[in-house]
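Dear colleague,

I am handing over the structure below, and my notes on it follow. Please read them with the model open beside you.

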Amino acid sequence: MASKLFEPIEIGQLRLQNRIVIAPMCQYSAEDGKPGSWHLIHLGHLALSGAGLMFLEATAVVPEGRISPGDIGLWSDETEAALKHVLDCVRKESAMPIGVQLAHAGRKASVQPPWEGGQQIALKDGGWDCVAPSPIPHADGERTPVALDAAGLERVRDAFVMAAKRAARIGLDAIELHAAHGYLLHQFLSPLSNRREDAYGGSLENRMRFPLEVFDAVRAAFPADRPVGVRVSATDWAQGGWDLEQTITFAKALEQRGCSFIDVSSGGLTPAQDIPVGPGYQVPLAEGVKRATAMPTIAVGLITDPQQAEEVVASGKADMVALARGILYDPRWPWHAAAVLGAEVQAPKQYWRSQPREYKRLFGTTSIEQRS
């Protein structure tokens, strides 16, 4: 039986060769928002992996929206030019579609990279003040964020729009809005972080208002033939927080607005979260969203085994699976999955000689001749 994981799929008008997605993964290695040689190496080798789609890491729409000082951004001509250079180099050697995850960290901004402890950076050490829906810090002992007023909301919304226009100019194939993992748009959604008393807080309808406004603005700014989707945390894993039922309501509202796909993750909003981590632990959340909408749905989280990924897609729990740490550990995961599942995968011609003898069609129809 043919592998479902290696069937093509369309998200909007973008056709993917298979249903393996490379998830956005922060590298904390940019300079003033500009990607450099590390990103060229990192994205270059992942672009040769045979996956159907790759997303760039969380890309800040304003400097103060960075998670760390090392985050890449798309807020200026300089950051746009630097990212274009990296993408141009990668595209010379790979036809893999590449999308960008546009993000604003909100109250979770201004932290050290993980290998330096990941804690909030003091103002005296180069940190910066954060913004949020409400003046509630992410964790005890952290600086209280500034609640966004009407002008602040407009500035953030306009920054997403400008980043979307820059993404279009440099030829990115898709946009994923980051409304997950406790960052700004997620902060508006969750009642744990949004205690506003205006039209952007209180009821579920009000808490969804700003994320939906951002989606509408980005959708209008990005070419209609390229998909715009959203990454969500389907639950805060915390009492009284955002949950799957609210996520489904949000997903239905997005679908009505022309959302092209939804990427279902979880957690990240509060240190009080209690996550039952295990293989595929977030797949039921993706399945819940998929059952309630017609949007292509991406499942993520500890999906590491080819048969496991195949079962997720073949059983209809999700339309695609996204890999993050797993594909860093094994950058040829799609090759190995295709071998196990009896499928074909694209590989660069320079690597055709690596096809194992027992997998005669792993790389499709190839021809390698050497002088005897």
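**Notes on the model**

S3 is placed in the segment before β1 (9-11), where strands (E, at least two residues) and helices (H or I, at least four) are DSSP runs numbered from the N terminus. This is a predicted model, in which local features need pLDDT of at least 70 and side-chain atom pairs count only at pLDDT 80 or more, while totals for chains, interfaces and linings use all residues. Residues are numbered from 1 along each chain as its sequence is written, and side-chain values use heavy atoms, with hydrogens and water left out.

Leaving aside neighbours within four places in sequence, S3 is in contact (heavy atoms within 4.5 Å) with E310, L341 and A343.

Turning to the strands, eight of them close into a barrel in the order β3-β4-β5-β8-β9-β10-β11-β12, with parallel pairing (two strands pair if DSSP finds at least two bridges between them). Strand β11 (residues 297-300) is joined to the parallel strand β12 (residues 320-323) by three bridges, and V300 stands opposite A322 in β12.
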